[in-house]
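Dear colleague,

Please find below the structure that I am passing on to you. My notes on what was found in it follow directly after.

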Amino acid sequence: MSTSALTGFSRWLTACLAAAACCWSSTAPAAVGTVDAAPAATLLLPYFETDLANPNGTQTSVRISNASATAMLLHATLFTDLGIPTLQFDSYLTGYDSLDIDMRLLFQGIVPQTASAGQDPTDRISPKGPLSQDINFASCSGILPPPGLPPTTPGVLAENTTWNSGTLAAIRAAHTGQASTLWSGQCGAVAHGDNVARGYMTIDTVSYCTMRYPSDPGYFGANSSGDVTYQNVLFGTATTIDRTVQTVYTENLVSVEASPTDPTTTTSGIQTFYGRFNGNTATDGREALGTVWSARNMEGTPIALDTRFVVWRDPGQVVTPFACGGSLPAPFPLTTREVAAFDEEENVTFAANNLMPYATQLVDGATLSPYNFGIVRFDLGLDDGTVRQGYVSSRILRSGARDAMASPASLLMTAPQAQCLGNASAQCANIPPPSFGVGRDVN
Amino acid sequence: MKLSCLWTGLLLLASAGPAFAVPTPCVASGGTNCPARIGDAPQDSLVSTVNVPAVACPGSQPVLSVAVQLTHGDVGDLTISLQNPAGDSATLLSNLQGASGACRGGDVSAVFTDGGAAPICAALIPSVSGTISPSSPLAPLLASSPEGAWTLTVVDAANNGDGALLDWSIDVGCAPPPAAGPLPAPMSWQAFAAIFALLALAAFGALRRQRSPR
């Protein structure tokens, strides 16, 4: 092996070890408002791909676990890559239970089968362990176990059937940028023309089975009057597999902690995770994600590295379906406030502000940085200075090899911290400042 | 006389050939529970039935093949069995093993028939495919009349991992009729040489008779 190849490989190895160290070091107690990897009331799958034409193409599957002995009710919502909700379903977990959501199967109409004690008195659908609570959610009768979904679909479907073909076709079209009967023939996603369903998913703890989307009134409510709860008990992973090129990435789902009392999640005007659906009144009680992130970037020779960034962004408002073939709806395309690429001698290049324009996307590191090795620093606010939350993780692949690595970017500043920089108003009084020396601007 | 022999031969060919081998698919024939979700353990197994019409194989034996199409995240969790109208059962696939432990591949799209290849757990989807041997032979299921309701049962033995039976079909075909008798042994080179020599001698004699004056 040549010296340059050795150097490249050692960098690869160092990056792998650093990523592993990051995973192992997540032992600090959970803190609301810090986007830490702790059990949470909401989980975000920031990006998924499901190749509808080729089962051996890119597919995503998710595992969600309950960290507590208490039985939990979950509400999952799928969004398009423009942040429009398309599908929702409820799931039930006994204490310490786990649940798989295989997106390949989901887009064939197969939803995980769960049921609380009332719908599953013999414990055959959601069995429990000796330490696990198993209770009845009466509101779930007729909803769990999931019949042909969504349950509001007209027509009678037997309990064990898959969805009807019309509903399935509508959801598949909705996530591939095609005209969908979900919206009277309008579109709700970017049309890439490749029959790959894209989008993101959220999973919330809820107090009863609900057919509401997070964007619907009543899903959140002041003083715990909405559907959601503040039980920080969920954690999970997402695995992205491409059998054709034999690569697998596994990364944690993004934890979004909730609190009914913490100032970072309850102060009206301070961004929260679901703020775009409630006018930033903080009724969701969910911590906002970061706005400034930094991640490792490795590209090119000598061992054919390739970095792709998962970039999830808050559109900041409710997004409506649009006429297919026409312009994307407001607020798209999203701009960025600053994306700076550094090499290993700290030379810097600023990327254009239009390279991650959607609510979620996979971005080739080579489009952001001209350097083979270095870091990329993302400020996911808009170019007019507006603060917007977002999330970044990196997937590093060695082309032609099976080893791949996925890790979250380092959080430099949360959205509330950016909102409160230099802001002495009362609403910012309890927002902790970012780490010493970290500002929104590189220079 | 010659024409009637020809018609009789054609009829025999038609009855002995595969013209009666009509697969009965679950979906197209209005069978039960196809498509249908496969209950995750420890839920009840999925039971699906199709009605097979009468099959005639005069002069030959019926043969059975079963095509199964299902989608599932963990094929190694599954046991698939088949029951004939008389209540006899055979196992098509059971807890298939992969390189290390149960097969974690996805989906089955395969035809099960006696004499097929051994099933393998492939990395690509469908993980189980091709024409493969069942775990136990199918031939005994044809000891009684195949006419009637056949039942496919799919059991998911492990919790977590979802799936659905998409379609399956029963194909009761007719084996090729047995040959009338053994073929003659191939001619040895010595016999061939002797015949050639005799023919050459006869031709030589004929030529000599033509040339000799009358």
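In this predicted model, B:Leu82 lies opposite B:Ala90, a residue of strand S6 of chain B. The two strands concerned, S5 (residues 78-83) and S6 of chain B, run antiparallel and are joined by five bridges. Both belong to an open sheet of four strands in chain B, ordered S3-S9-S5-S6, with antiparallel pairing. Strand S3 (46-52) and strand S6 (89-94) of chain B are at the edges of this sheet; each has a single partner strand, so one side of each is left without a neighbour in the sheet. From one strand to the next, the twist averages 20°. In general, the strands of a sheet pair through backbone hydrogen bonds.

Strand S10 (residues 290-298) of chain A runs antiparallel to S15 of chain A and is joined to it by seven bridges. Strand S12 (residues 338-343) of chain A is likewise antiparallel to S15 of chain A, with six bridges between them. A:Arg377 is the bridge partner of A:Ser294 and also of A:Ala340.

Finally, the contact between the chains takes 17 residues from chain A and 19 residues from chain B. On the side of chain B that touches chain A, strand S2 (36-37) and strand S10 (163-174) of chain B each supply at least two residues. That side of chain B comprises eight polar, seven nonpolar and four charged residues.

With kind regards

Technical notes: Residues are numbered from 1 along each chain as its sequence is written. Chains are lettered from A and ligands numbered from 1 in the order in which they are written. This is a predicted model: local features need pLDDT of at least 70, side-chain atom pairs count only at pLDDT 80 or more; totals for chains, interfaces and linings use all residues. Two residues are in contact if their C-beta atoms, placed from the backbone, lie within 7 Å. Ala, Val, Leu, Ile, Met, Phe, Trp, Tyr, Cys and Pro count as nonpolar, Asp, Glu, Lys and Arg as charged, and the others, Gly among them, as polar. Two strands pair if DSSP finds at least two bridges between them. Axes are lines fitted to C-alpha atoms, for helices over the stretch in contact, and angles run from 0 to 180 degrees between N-to-C directions.
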